[in-house]
Amino acid sequence: MSLIEIKDVYYAYNEQNKAIDGVSFDIKQGDYVTIIGHNGSGKSTLAKLIAGLLPVKSGSITVGGLEVNEDNIAAIRTRLGIVFQNPDNQFIGSTVKDDIAFGLENRQIPSEQMEGIIREYSEKVGLSDYLEYEPQNLSGGQKQRVAIAGILAMKPDILIFDEATSMLDPKGKKEIKKLMYDLAAGDDITIISITHDIEEVLQSDDCVVLNKGKLFMHDKPEKVFADAEKLRKIDLDVPFVEQIREAFAKRKIKLKNDDLKGMVEQLCRYRSNH
Amino acid sequence: MPISFKSLSYIYNKGMPYAHKALDDINLDIKEGVITAIIGETGSGKSTLVEHLNALLLPDEGSLEILDYNIVAGQKQKFLKPLRKDVGLVFQFSEYQLFEETVLKDVAFGPLNFGVFPDEALKMAAEALKLVNIDESYFDVSPLELSGGQKRRVAIAGIIACDPKIIVLDEPTAGLDPHGSKEIIDLFISLNKRLHKTIIIVSHDNEMVYNYCDETVVLSHGKIRYHGSTFELFSNKELLKEYNLLEPQIVTFRNLLQDNGFKLSDEARTLDSITEEIGRQLK
């Protein structure tokens, strides 16, 4: 049994448009799954359905064997955390420490245990020197790391990232992607990440492509990106090496898919053979 | 007539214990009619710099000459309204500022505010919307019903409708999907090439800056570190290292090819022109 099973799910915000239109796939425990698709493809809706923030109209989603519905949502939420896009919209406390403590207080963790938990998770996200900092003195990447620490302190085993890096500067993006990669390294934490970042997709185990609410592709990232034509058809970006391959193909120079260095090596071989 | 910062400094929380010099003795001439990128790490002073261009912030020291206006520290400014009409500033996540009932009314707000009669303002709004590629069928729709990319184009139309000579865009593609970003990029290129607007873009996206901006200014800790050709900046490894900038993919590819004995001219800056030159060498 997979950790998350999505079976023939439908959702619509209004009568004309089905936001999610008959989607089925499974996510295994410990997997790092990225969901891509252009704006309006249903990515965020799907994440909200998994988290029980929206009710499915038909079909079913189960998390650890429990169907996501009103009866089970409290149990499911204890194991699931969401990081949203805008770092400024999810800071609750007046300092980093207060912010991480917020969730713990809600769970009525005794205050003598809190210090230790806050220390542990602020260290995990690399912010143990910032506990007394106020949000306005943190960068976007640091704010997102605070949000992640607050969520990790709840000890969830499923993390959903909803375009969590898209509003950050390159340094912040790099920080968060590294953290996500490290979190995904073990078998314990399952990550579902909605993203536009090709580099991030390439570091994930599995990639789900949505288009107009339907499952368009579901495969290993390198397989998904190998089909550039298909991606272009639904307005998605094509990795740079694939663009190189196409540009040379137009000039009748055939290259195989490879990383950048490999592409240049192929060109060198081509030169010595001609 | 360039846009000219002269020994300009700006201090946040002046006179307070938290005082912070966000811009420190800036001397900078930005050319008219080209696309200039302002880059630098978060907190380097990029947004503070561009907010001086339409006098949202006034200098604490020094001065700024822009178009026919001269903004001098400590002097009372009398021409703010015409300046703000001539220099349009599109904020980060500008779509958060859409507020009217319909798309057309939202875009007409700017011209109305600058004293244009309502009929004329609606006409100007319709033209601006056409320019940003928003179809007439959306004119009477609530801005809230549009996609992220469409909303941002409507917000930019609100600025274009005032017919500014200089358009400043703060992080215009942040948070958009690749398709939405491309639409915004095509838009500012066409504003520059067809309508000869001076475009100033604040961005973290080095790929976009490399591909589409003629000149680049690098800011760090409130000081200008570099101002010149975008290509020369990004093809200079030492400079990239010194300013802690990520190398655009196309430059990495260019360098790898050159390291392996392929000859590339300075004109081969895009994937297309590089492939063209390499293709010739392989024939």
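Modeller: A residue counts as buried if 20 or more other C-beta atoms lie within 10 Å of its own. By that rule, 41% of the 274 residues of chain A are buried. The model is a predicted one.

Biologist: What does chain A consist of in terms of helices and strands?

Modeller: Chain A has 11 helices and 10 strands. Its C-alpha trace spans about 75 × 45 × 35 Å along the principal axes. Among the contacts in chain A with a separation of 6 or more, 62% are between residues 24 or more positions apart.

Biologist: Why does L236(A) count as buried?

Modeller: The cut-off is 20 or more C-beta atoms within 10 Å. L236(A) has 24 C-beta neighbours inside 10 Å, so L236(A) counts as buried.

Biologist: Where does L236(A) lie, and what is it in contact with beyond its neighbours within four places in sequence?

Modeller: L236(A) lies in the loop between α9 (228-233) and α10 of chain A. Leaving aside neighbours within four places in sequence, L236(A) is in contact with I36(A), H38(A), L231(A) and P178(B).

Biologist: P178(B) belongs to chain B. How many residues of chain A and chain B are in contact?

Modeller: In contact here means C-beta atoms within 7 Å. On that basis 30 residues of chain A are in contact with 25 residues of chain B. On the chain A side, the elements that give two or more residues are α6 (170-184), α10 (240-250) and α11 (260-273). α11(A) gives the most, with seven residues. The residues of this side of chain A divide into 13 nonpolar, 10 polar and seven charged.

Biologist: What makes β2 and β5 of chain A edge strands?

Modeller: They belong to an open sheet of four strands in the order β2-β1-β4-β5 (chain A), with antiparallel pairing. β2 (18-27) and β5 (66-67) each have a single partner strand, so one side of each is left without a neighbour in the sheet.

Biologist: How do you know that β4 and β5 of chain A pair?

Modeller: Two strands pair if there are at least two bridges between them. Two bridges join β4 (residues 58-63) of chain A to β5(A), which run antiparallel. In one of the bridges, T62(A) has E67(A) in β5(A) as its partner.

Biologist: Turning to chain B, why is strand β7 called largely enclosed?

Modeller: Five of the five residues of β7 (residues 166-170) of chain B are buried, so this strand is largely enclosed by the rest of the structure. I166(B), V168(B) and D170(B) point one way from β7(B), while I167(B) and L169(B) point the other way. In a regular strand the side chains alternate between the two faces of the sheet.

Biologist: Which strands does β7(B) pair with?

Modeller: Four bridges join β6 (residues 87-90) of chain B to β7(B), and the two run parallel. V87(B) stands opposite I166(B). Five bridges join β7(B) to β8 (residues 198-202) of chain B, again parallel. L169(B) stands opposite I201(B) in β8(B).

Biologist: What do β7(B), helix α6 and β8(B) of chain B make?

Modeller: β7(B), α6 (residues 178-193) of chain B and β8(B) make a right-handed β-α-β unit. The term applies when, with the strands pointing away from the viewer, the path from one strand over the helix to the other runs clockwise.

Biologist: Which residues touch the most other members of the largest nonpolar core?

Modeller: That core has 75 residues, and V107(B), A157(B) and V168(B) touch the most other members. The largest share of this core, six residues, comes from helix α5 (residues 148-160) of chain B. Leaving aside neighbours within four places in sequence, V107(B) is in contact with residues including A125(B), L129(B), V154(B) and A157(B). A second, separate core of 65 residues includes F91(A), I189(A), V224(A) and L231(A).

Biologist: How many residues of domain 1 and domain 2 of chain B are in contact?

Modeller: The assignment gives domain 1 (3-235) and domain 2 (248-283). Their centres, taken over C-alpha atoms, are 34 Å apart. Six residues of domain 1 are in contact with five residues of domain 2. On the domain 1 side, α7(B) gives the most, with three residues. That side divides into three nonpolar, two polar and one charged.

Definitions and conventions: Residues are numbered from 1 along each chain as its sequence is written. Chains are lettered from A and ligands numbered from 1 in the order in which they are written. This is a predicted model: local features need pLDDT of at least 70, side-chain atom pairs count only at pLDDT 80 or more; totals for chains, interfaces and linings use all residues. Two residues are in contact if their C-beta atoms, placed from the backbone, lie within 7 Å. Ala, Val, Leu, Ile, Met, Phe, Trp, Tyr, Cys and Pro count as nonpolar, Asp, Glu, Lys and Arg as charged, and the others, Gly among them, as polar. A residue is buried if 20 or more other C-beta atoms lie within 10 Å of its own, exposed if 12 or fewer, and partly exposed in between; C-beta atoms are placed from the backbone. A nonpolar core is a set of buried Ala, Val, Leu, Ile, Met, Phe, Trp, Tyr and Cys residues joined through C-beta atoms within 7 Å. Domain bounds come from an automatic or database domain assignment.
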